[in-house]
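Here is a short report on one protein chain. Look at the structure first, then read on.

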Amino acid sequence: DVLREIIDPNYRPYGPVTIAEETLPVQGSPAQIEFKFRTHKKIVLTEDEHGRVDFKSLNLIENVKSGQILAVKTPPGDGIPGRLVNGKETLARPGTDIKMPIGRNIYLAANNTQIRASMDGHVLLIGGKVNVENTLIIPGNVDYSTGSIYFLGSVIVKGDVLDEFQVEATGDVFVHGCVGKCFISAGGSIAIGEGVKGKDIARLFAGQNVIAKYLEHATVEAKEDVRILEEILHSKIEAGNRVTLEGKRRGVIIGGLTRAGDEVTVKELGCAAGVKTMVEVGGSPRTRQELSALQNIYQQEINIYEQLELNIAHLKKQKNTGKLSLEGDMKLQRLLWKHKKLTTRMERYTNQKEFLETRIKRAEPGVINVSGCLYPSVTVTTKIAAMLIKEPYHAVSLGFNGVGVEICPFGAYKEPIGVAE
């Protein structure tokens, strides 16, 4: 029709005329997975009538039946083909496919588009994979009557975990009572109804969250959050995301070192007695741990280096005056060789240190929220900036302002634009 119109002698065009037009192909939609269970469980910390963490309110366990659908995959779309100006069809790229997150005790169904439970249990998303776990229930304490517990699944302890015993599980670990100087490891979360009296020996490692009434003299590492009702005393805490103290009565951190990737929120930080307390936010806790260990090694090497230089200078002075014996000259050669090796090693440490510091600089800065009192003798670190608190503050938030630590009214800290390099 357009060509007939153009060849008409009376045709007068008023602008460009489209004779043929290419239609571009449209790529197909990407594959999607819809989970049929709660992948992000909202945790509500409350106390029961005995003052312990109320397990019923934690909302962590979601039981499923064998054969139950846990996830459904929508395959990638084929896309819409295009067409060239000569009418020839052009193929569209299909959408991006994704692998099914297959974990333990599940199977694929419906032409590999469904994940179903292969057993009764409770469902967990661990490491991005769907798992259905067995549950082992210990009716009393973990002690000499049970021995240490190593279980492929989740463990519920109705009593306490006594000193020197271990509980290791691929799923969650729930302890209704207290935990002593022992080791607990969970692929999921660790929840403790009372608390941990660690005596500087207890170690807890969780692939997700650690929840307890209190922590005393313990080492705790959680890839997600550490959530405590009352207090953290003289402990080493590392959380990939947040450390939160949310009890109605207390909510205090005193002593030790607390690290969080994103946020630390407390009612009180430190104490009137001036106990040394350190809190660090911004950057991965694991990166900060590596940097701290490297700095300690580096300082030891510097001490050795300085002593080497003194010894070498003394022997060289003797040699220049002709007073150095053959044995002394051999010692000088050995020291010079050690000096060369140590210099190379220190250069390597310096490069590693700069690499780790750069990772922390490029991380989100994080924030420390104190709704009550921030006491003196607390050292706060945000990203690479540190500040020793020398006077009390009330209801403040602390964060990195691009240069150093900024103290703001509680809840008022905002990350400066472009602060993450």
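Ser377 is partly exposed, at a relative accessible area of 27%. Here buried means under 20% relative accessible area, exposed over 50%, and partly exposed in between, with a 1.4 Å probe and protein chains only as cover. The model is predicted: local features need pLDDT of at least 70, side-chain atom pairs count only at pLDDT 80 or more, and totals for chains, interfaces and linings use all residues. Residues are numbered from 1 along each chain as its sequence is written, and side-chain values use heavy atoms, leaving out hydrogens and water.

**Loop residues**

Ser377 sits in the loop between β28 and β29 (378-382). Its phi is positive, about 75°, although Ser377 is not a glycine. Asn111 also has a positive phi, about 60°, and is not a glycine either. Asn111 lies in the loop between β6 (106-109) and β7 (114-117). Is Asn111 buried or exposed? Asn111 counts as exposed because its relative accessibility is 71%. Glu47 belongs to the loop between β1 and β2 and is partly exposed.

| Residue | Relative accessible area | Class |
|---|---|---|
| Asn111 | 71% | exposed |
| Ser377 | 27% | partly exposed |
| Glu47 | 28% | partly exposed |

What does Glu47 touch, not counting residues up to four places away in sequence? Contact means heavy atoms within 4.5 Å. On that basis, Glu47 touches Arg52, Asp54, Leu229, Glu230 and Arg249. Glu47 and Gly256 are 209 residues apart along the chain, and their C-alpha atoms are separated by 26 Å.

Asp48 is in the loop between β1 (32-35) and β2 (63-64). Leaving out residues up to four places away in sequence, Asp48 touches Val53 and Asp54. Asp48 and Asn63 are 15 residues apart in sequence; from C-alpha to C-alpha they are 22 Å apart in space.

**The nonpolar cores**

In soluble globular proteins, nonpolar side chains tend to be buried together. A nonpolar core here is a set of buried Ala, Val, Leu, Ile, Met, Phe, Trp, Tyr and Cys residues joined through side-chain atoms within 4.5 Å. The largest core has 55 residues. Val161, Ile184, Ile190, Leu215, Val226, Val243 and Leu269 touch the most other members. Strand β28 (residues 367-374) gives this core its largest share, 4 residues. A second, separate core holds 12 residues, including Phe37, Val64, Val123 and Val132.

Val226 also has contacts listed beyond four places in sequence. Among them are Val210, Leu215, Ile237, Glu238, Arg242 and Val243.

**The chain as a whole**

The chain has 3 helices and 32 strands. These are DSSP runs numbered from the N terminus: helices are H or I, at least four residues, and strands are E, at least two. Of its 421 residues, 42% count as buried. The radius of gyration, taken over C-alpha atoms, is 31 Å. A compact globule of 421 residues would have a value near 22 Å, by the rule of 2.2 Å times the number of residues to the power 0.38. Along the principal axes, the C-alpha atoms fill a box of roughly 110 × 75 × 50 Å. Among contacts with a separation of 6 or more, 38% join residues 24 or more positions apart.
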